[in-house]
Amino acid sequence: MPSLMRFKMNIVQAFNDFISFKVIPFLTGENKKPNVYISNLNYLNWTHLKKSIEETAPYLKGKCADIGSGNSPYKKYIINNVDEYISIDKGNIHKHMFSSSKEKFIDADIKKLPFDENTFDSVILTQVLEHIDEPFKALDEIKRVIKKDGILVLSVPFIYQAHATPYDFFRFSEFGLKKLCKDYNFEILEFHRQGYIGTTIFSIINGFIWELSSKNKLLRNTILLPLLLIIFSINNIFGVVLDKVKLPNYSPNFWLILRSK
C-alpha cells in the first residue's frame with residue numbers, strides 16, 4: 001500500500017476514534033453511565049438500571065463483589081453501604097472497560113473465582129450471566145463464595161438484541177429465572193421488570209439504526225451524527241410513553257434481589 005494512502009487511512013481512523021470514543025460519549029452521556037442523556041441509544045435501559053441500583057443499594061452490605069463490573073458504573077451508588085467493594089472482570093476480554101481504581105480490582109474468570117467459600121456478604125451480577133458460555137458453572141461459583149443470608153443482585157436481558165458479540169450466549173425468561181433461584185436455593189426478595197413494550201421496541205430500533213449507520217463510520221460520525229442523536233431522543237421519549245402500557249410478557253430485562261439460603 002502506498003505510503004500516502006496509508007497516511008490518509010490512519011488520519012480517517014484517528015478521526016473516527018476521536019468522534020467515537022470522545023465526542024459521542026460526551027454528547028450522549030455514555031461516559032457517565034448510568035446517568036446517560038436522552039440522546040443515548042441505550043437511554044431507556046440505563047434509566048431502568050439506574051433506578052434499580054439506587055433502590056437496591058440499601059440491601060447491600062459487608063464485603064461486596066461486583067462481578068463482570070467493567071468500569072464499575074454502580075460503585076458510586078453502593079460504596080457507602082458496604083465495608084469493602086471489589087471489582088472483578090476478565091482482563092483479556094474487557095480490558096478497555098476497567099475502572100481506573102485498581103487497588104481492589106481482580107482479573108478473574110467467574111467460573112473459577114479465586115476466593116474461599118463464604119467470602120462475600122453481597123454479590124452484584126448485572127448484565128453478565130448471558131455472556132457466560134457455561135452459566136451454571138458461574139452460578140455454582142456464586143453460590144460457593146456467597147455467605148448464608150448473603151445478597152445477590154442479578155439482572156439479565158430477555159427480549160434484547162445480540163450484543164457484545166461473540167460473547168452473547170443466552171436469554172433468561174421470568175420463569176427460567178425463578179426456577180434457577182429455586183434450584184440454587186436463593187430466596188427472591190424482589191423481582192422487577194425493567195421496562196415493557198416501549199423500552200423493548202425502541203431499544204431494538206435504536207440498536208438497529210446504530211448498527212446500520214456504523215457500516216460507514218465516517219458518514220455516521222459526520223453528516224449523520226446530529227440526525228442520529230435527534231432520532232434517538234425522539235425514540236426514547238416514545239419509549240417512555242409506550243411503557244405506560246405494562247404488558248408483562250414484553251420486558252427487555254429483569255432485575256432480581258436474592259438472599260442465599
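Q: At what angle do the axes of α2 and helix α7 cross, and how close do they come?
A: In this predicted model, the axes of α2 and α7 (residues 197-213) cross at roughly 135° and come within 8 Å. Axes are lines fitted to C-alpha atoms, for helices over the stretch in contact, with angles from 0 to 180 degrees between N-to-C directions. Helices (H or I, at least four residues) and strands (E, at least two) are DSSP runs numbered from the N terminus.

Q: What does that make the two helices relative to each other?
A: α2 and α7 are therefore oblique to each other. Under 35 degrees counts as roughly parallel, over 145 as roughly antiparallel, 65 to 115 as roughly perpendicular, and the rest as oblique.

Q: Which residues meet there?
A: From α2, L44, N45 and H48 meet G198, T199, F202 and S203 of α7. The residues of this contact divide into 2 nonpolar, 5 polar and no charged. Contact means heavy atoms within 4.5 Å. Ala, Val, Leu, Ile, Met, Phe, Trp, Tyr, Cys and Pro count as nonpolar, Asp, Glu, Lys and Arg as charged, and the others, including Gly, as polar.

Q: What are the ground rules for numbering and confidence?
A: Residues are numbered from 1 along each chain as its sequence is written, and side-chain values use heavy atoms, with hydrogens and water left out. As this is a predicted model, local features need pLDDT of at least 70 and side-chain atom pairs count only at pLDDT 80 or more, while totals for chains, interfaces and linings use all residues.

Q: How does the chain score on pLDDT, on average?
A: The protein chain averages a pLDDT of 93, and 95% of the residues score at least 70. pLDDT is the predictor's confidence in each residue, from 0 to 100.

Q: Where does pLDDT stay under 50?
A: Over residues 96-103, for which the model has 12 contacts beyond four places in sequence. Where pLDDT is low, the predicted coordinates should not be read in detail.

Q: Switching to the backbone: which peptide bond from K33 is cis or trans?
A: The bond from K33 to P34 is cis, with omega near 5°. P34 is in the loop between α1 (3-28) and α2 (43-56). The bond from T165 to P166 is also cis, with omega near 10°, and P166 lies in the loop between β5 (146-157) and α6 (174-183).

Q: What is phi at S72, and is S72 buried or exposed?
A: Phi of S72 is near 55°, a positive value in a residue other than glycine. S72 lies in the loop between β1 (63-67) and α3 (75-78) and is buried, at 8% relative accessibility. Buried means under 20% relative accessible area, exposed over 50%, partly exposed in between (1.4 Å probe, protein chains only).

Q: How many salt bridges does the structure hold?
A: It holds 14 salt bridges, each a side-chain nitrogen of Lys or Arg within 4 Å of a carboxyl oxygen of Asp or Glu. One of them joins D183 and K179 (2.8 Å, N to O); both residues lie in helix α6, 4 residues apart, about one turn of the helix.

Q: What about R259 and E187, and why does their pair tie together parts apart in sequence?
A: The side chains of R259 and E187 meet in a salt bridge (3.3 Å, N to O). R259 lies in strand β7 (residues 253-260) and E187 in strand β6, so the pair ties together parts that are 72 residues apart in sequence.
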